[in-house]
Amino acid sequence: THQRAVESSGAAMLLLTRRITHHKAVVLANAALTPRRTAALKTITTRVGRYKARITAQAARKTSWAAPEAPSWLRRVEHWLRPPAPSGDPLQLLPWELTSPAALEVDSSHDGALLSYAGVVVQRNAVCRDAVAVARARAEELAAEATRRATAKGADAGDASAGFHFADASQRGPFRLDLRLGAALESPPFDLSLHAIWPHVRVALGEDAVLRRRGLVVGLPGASDQAYHADAPRVPPEVWAEHESTAEVQPAHSLVVFLPLCDLNEENGPTAFLPGSHQRWTSDALEAEADAPGSSSAGAPAILDVHAGDAIVFDSRTQHASGANRSQRARPILYLVFARPWFDEKLHRRLVGGAGGGDGVQRLFPEFS
């Protein structure tokens, strides 16, 4: 995964360098070949080279496996060099510009523009780290107990072909558990303060947004890389029109919030997101970018190696995938699902053809029903 990240960042810089070369004549013509503008272009090219060198040096030291955030001056240069986007939207950034936690970082006062465009944002220090530490210990206990009970019923948490699916606990791949334990996750130590989360939710979903459910997704040691997927389907325009006014770009109908109960890093496998994959027009743009010569960086993932207590807020349509857990300890994440009042579990199941959620009837933890 580290190698893929390094290759993506390198390909991104190669793409930018090629664009600079491709547009150099246009830029110089527009500048009327004035010495001042020519000198400015030379300075820009030098700074791009330094930025590329910084990525290469960081990769060699292996101090981080995510590409550094593209500095603001480089983002301005990219808008100058590339042709204008058809929509004229200033938020049409290249995918590689949004592939680090810093590039997606917001606070609780943000206006929702980045979440709407990228489909995922990071809120630092969203919940108390001391409270998270207590919740982590309890989450590990529940995961161990779920594995024990499932094994007693003949299931194997490490066997994807014989995965278990109870009403309150499911296997989402080898050594990856999804625990939906109702009241147990609404009481201490999981009743974490959400005062930093609700502003994001209300901006994206409206003042009447509701918290549909809580769950724990736990990557046990040995969990492998997950395939990219979305947690909810797109809502067909005709269904959307029954409940909301129509818009050219359909807003979110539900959000998922990840609250990592431990630091996420290369060893235990953080979740990777594909910014922009929640909207059809953005997905089409990424595909077009991928088809462009030298553009192997389109669709580069944002690998969010955040800390315990941070929050990852994402549109439920955004493609994402958990990394492999190569550590010796479980990686628990508390997740919260928010939605517009009309988008309930019944509609969700209808849109996905009846699948999803807890696929079984029998409960693994009847005491929490």
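This is a predicted model: local features need pLDDT of at least 70, side-chain atom pairs count only at pLDDT 80 or more; totals for chains, interfaces and linings use all residues.
1. Two strands are said to pair if DSSP finds at least two bridges between them. Strands (E, at least two residues) and helices (H or I, at least four) are DSSP runs, numbered from the N terminus. On this basis, strand 7 (residues 271-273) pairs with strand 8 in the antiparallel sense, over 2 bridges. Within this pair, Ala 272 stands opposite Ile 303 of strand 8.

2. Residues are numbered from 1 along each chain as its sequence is written, and side-chain values use heavy atoms, with hydrogens and water left out.

3. Confidence is given as pLDDT, the predictor's confidence in each residue, from 0 to 100. The protein averages a pLDDT of 77, and 66% of the residues score at least 70. Over residues 1-28 the pLDDT stays under 50, and the model has 54 contacts (heavy atoms within 4.5 Å) beyond four places in sequence for this stretch. Residues 58-92 also have pLDDT below 50, with 74 contacts in the model beyond near neighbours in sequence.

4. As to the overall picture, the protein contains 9 helices and 11 strands. Of its 369 residues, 49% are buried; buried means under 20% relative accessible area, exposed over 50%, and partly exposed in between (1.4 Å probe, protein chains only). Among contacts between residues at least 6 apart in sequence, 79% join residues at least 24 apart. The protein exposes about 16900 Å², of which carbon and sulfur atoms supply 54%; accessible areas come from the Shrake-Rupley method with a 1.4 Å probe, and for residues only the protein chains shown count as cover.

5. Pro 301 is placed in the loop between helix 8 (280-291) and strand 8 (302-303). This residue counts as partly exposed because its relative accessibility is 26%. Leaving aside neighbours within four places in sequence, Pro 301 is in contact with Thr 99, Tyr 228, Ala 272, Phe 273 and Leu 274. Thr 99 is 202 residues away from Pro 301 in sequence, yet their C-alpha atoms are 5.9 Å apart.

6. Leu 264 is found in the loop between strand 6 (254-260) and strand 7. Leu 264 is buried, at a relative accessible area of 4%. Not counting residues up to four places away in sequence, Leu 264 touches Pro 270, Leu 304, Asp 305, Val 306, Arg 331 and Ile 333.

7. Ser 170 lies in strand 3 (residues 169-171) and is buried, at 0% relative accessibility. Its side chain makes a polar contact with the side chain of Arg 180 at 3.1 Å. A polar contact is a pair of N or O atoms within 3.5 Å; within protein, one must be able to donate a hydrogen and the other to accept it, and residues adjacent in sequence count only if both atoms are side-chain atoms.

8. With a disulfide taken as a pair of cysteine sulfur atoms within 2.5 Å, the count comes to 0 disulfides. Cys 128 is partly exposed, at 45% relative accessible area, whereas Cys 262 is buried, at 2%.
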